[in-house]
Amino acid sequence: MNPIKQLAGTITRVRELSPSAREYTITPSEPFPFTAGAFVNTFFEHNGKTIRRAFSISSSDSDTNTFTLSIRLSLQGELTPLLWERDFTGETIKLMGPLGLNTADKMQAKKIYLFGFGVGAGVVKSLADHMMRRSELVSLTLVTGNRTIEEILHKDYFDIIATDPRVTVKYVVSDTNQTIYPDGYIQNHIRDYDFNNADIYICGQGVACNALQTVIANHQPRNCQFFIEDFH
Ligand SMILES: Cc1cc2nc3c(=O)[nH]c(=O)nc-3n(C[C@H](O)[C@H](O)[C@H](O)COP(=O)(O)OP(=O)(O)OC[C@H]3O[C@@H](n4cnc5c(N)ncnc54)[C@H](O)[C@@H]3O)c2cc1C
C-alpha cells in the first residue's frame, strides 16, 4: 500500500476535455506512487480560505512524476467555477494522498467491467490502463455514460485501447436526439453482458451508481464483486 503523504503539487498543464470538463496535470514535489482508482485531496487557497476537494487520478499509475485530474465544472459549486475563471497553470497547491481503497489491487478477476458516469470516465481511464498491463486479463469491458456527444470524455484514449482484442468500449449518450450512440442510461445497454465471475467498478454520482448496481444485481450474477466510487 502506498503511504499517504501531504505534499505540494504544481499545476503544470490545463487542457480542455469537453465544454464542461478539463484535465489538470499536476507535478508533485516528490515522487508520488499510487494505485489506479486512488484519489487526492486538493487544497486551494482563495480569499484567505482553504477549499478542500477530492479528485480521482485519471492518469497511468506507471508514472510517479506527474498525474492528471479530470475535473467537471459544477456551475453552482464553490471551487470549480474558480478553476474556470482563471488560469491556474504554474500555481502550487497542497495535496494529500493517495487516498482510497486500493481498488485496483482488490479487482483480481480476469473479467473486468468498468463503468464511468460523466467525469467518472477519468478514473476509469486510469483503471483501464492498469488492468491492461495484466497478462492474465481475459476481458475488459468499459462503458461511459455521457450527457451529450460533446461531453464524451477521453474518447481518443478509449478508442485506441479498444483495438486490443481483450477490450470492448461503449459510449452511452443520454441525449435522445442523437442517433450515433446508444441513448439513455448505461443500465439500458447491458443486456448482452455476462457478469458471472467478474469484478465490476462503477464510478460517478451516487444516484447513477446505485441505479446501475441495482440493475446488474437483478441479473443475479454468480461470483461477482462490486466496487463503487461515489463522487458525492
Ligand atoms: C472520492 C471522490 C472523488 C471525486 N473525484 C472527482 C473527479 O475525479 N472529478 C470531479 O470533477 N469531481 C470529483 N469529485 C467531486 C469533487 O470533489 C467536487 O465535489 C466537485 O468538483 C464540486 O466541487 P465544487 O467546489 O465546485 O462544488 P461544491 O461547492 O462542492 O458544490 C457541489 C454541488 O453541490 C451544490 N451545493 C453546494 N452547496 C449546496 C447547498 N448548501 N445546498 C444544496 N446544494 C448545494 C452545488 O450547487 C454544486 O452543484 C470527487 C468526489 C469524491 C468524494
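**View 1. Two salt bridges link domain 1 and domain 2 across their interface**. A salt bridge here is a side-chain nitrogen of Lys or Arg within 4 Å of a carboxyl oxygen of Asp or Glu. Take arginine 72 and glutamate 151: this pair forms a salt bridge, with 2.7 Å between the closest N and O atoms. What you're looking at is a predicted model, where local features need pLDDT of at least 70, side-chain atom pairs count only at pLDDT 80 or more, and totals for chains, interfaces and linings use all residues. Residues are numbered from 1 along each chain as its sequence is written, and side-chain values use heavy atoms, with hydrogens and water left out.

View 2. Domain 1 covers 5–99 and domain 2 covers 103–230, with bounds from an automatic or database domain assignment. Their centres, taken over C-alpha atoms, sit 23 Å apart.

**View 3. Counting contacts across the interface.** Here 21 residues of domain 1 are in contact with 19 residues of domain 2, contact being heavy atoms within 4.5 Å.
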